[in-house]
Amino acid sequence: MNTLVLASELSGRVVVTLGGEAVAQIKDVVFDGPAGRITGFTLSGRGLLAGPLKQSLRFSDVHAVGPSAVMIVSQALLEDRDAVVGRGEADRGRVLGAPVLTEEGTDIGTVADVVIETGTSGRVVGFEVAANDNLDRRHRKVFVPRGQSLAVSGEALVVPAQAQRFIADDLPSFAAQVEAFLTHTRQR
């Protein structure tokens, strides 16, 4: 599995071409909830007074997501903002702050962030959840793997009930829990 990153950590990251030119920075991450993946990014200019750009970046055009920058081959890959946002994917993917329900109807908290696998897939592997009493009596933020099918409407995120058995307290240990959860679901 590639490195995991929170979607919120990508906002503000610089977009750099392989030629070394910093061309933008990430403004927002566009999430396609039903597909369970990141489709792209809206962009802003660089610097304190720079505003949003009219261009966006498809995740499929990303060369690499690194710890300091998002790398692309060329600035020519930037497209009109509607190429990523205009297909309605952003509306379907509103998930931050949504209640998290299990398939059995138990409310276990609210979505605090989205966990993304870096590399070229943009696959969403789980969610950071602000837990309530039903998941964690200390109300910590924990990481919960997503199921194979993902139901997210903007009003609620539905996760498999078994996902509660594979929660992690921190992002580094979450990758192992995601693998264990996937192995568990394949064996069923």
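Here are some notes on this structure, point by point.

1. First, the ground rules. This is a predicted model, where local features need pLDDT of at least 70 and side-chain atom pairs count only at pLDDT 80 or more, while totals for chains, interfaces and linings use all residues. Residues are numbered from 1 along each chain as its sequence is written, and side-chain values use heavy atoms, with hydrogens and water left out.

2. Start with the open sheet of seven strands, ordered E6-E7-E2-E3-E4-E5-E8 with mixed pairing. Strands E6 (62-65) and E8 (79-80) stand at its edges with a single partner strand each, so one side of each has no neighbour in the sheet. On terms: strands (E, at least two residues) and helices (H or I, at least four) are DSSP runs numbered from the N terminus, and two strands pair if DSSP finds at least two bridges between them.

3. Inside that sheet, look at E3 (residues 22-32) and E4 (residues 37-44): they run antiparallel and are joined by seven bridges. One place to check by eye is Asp32, whose bridge partner in E4 is Arg37.

4. An unreviewed UniProt entry carries the annotation "domain: PRC-barrel" for residues 5-49 and 94-158. Such positions are given in the numbering used here, feature names are shortened, and annotations may be inferred rather than shown by experiment. In the model, residues 5-49 are 9% helix and 56% strand, and the end C-alpha atoms of the span lie 27 Å apart.

5. Next, strand E12 (residues 141-145), where four of the five residues are buried (buried is under 20% relative accessible area, exposed over 50%, partly exposed in between, with a 1.4 Å probe and protein chains only). Five bridges join E12 to strand E11 (residues 124-131), and the two run antiparallel. Phe127 has Val144 of E12 as its bridge partner.

6. Now the charges. Counting a side-chain nitrogen of Lys or Arg within 4 Å of a carboxyl oxygen of Asp or Glu as a salt bridge, the total comes to five. One of them links Arg123 and Glu117, with the closest N and O atoms 3.1 Å apart. Arg123 is partly exposed at 28%, whereas Glu117 is buried at 7%.
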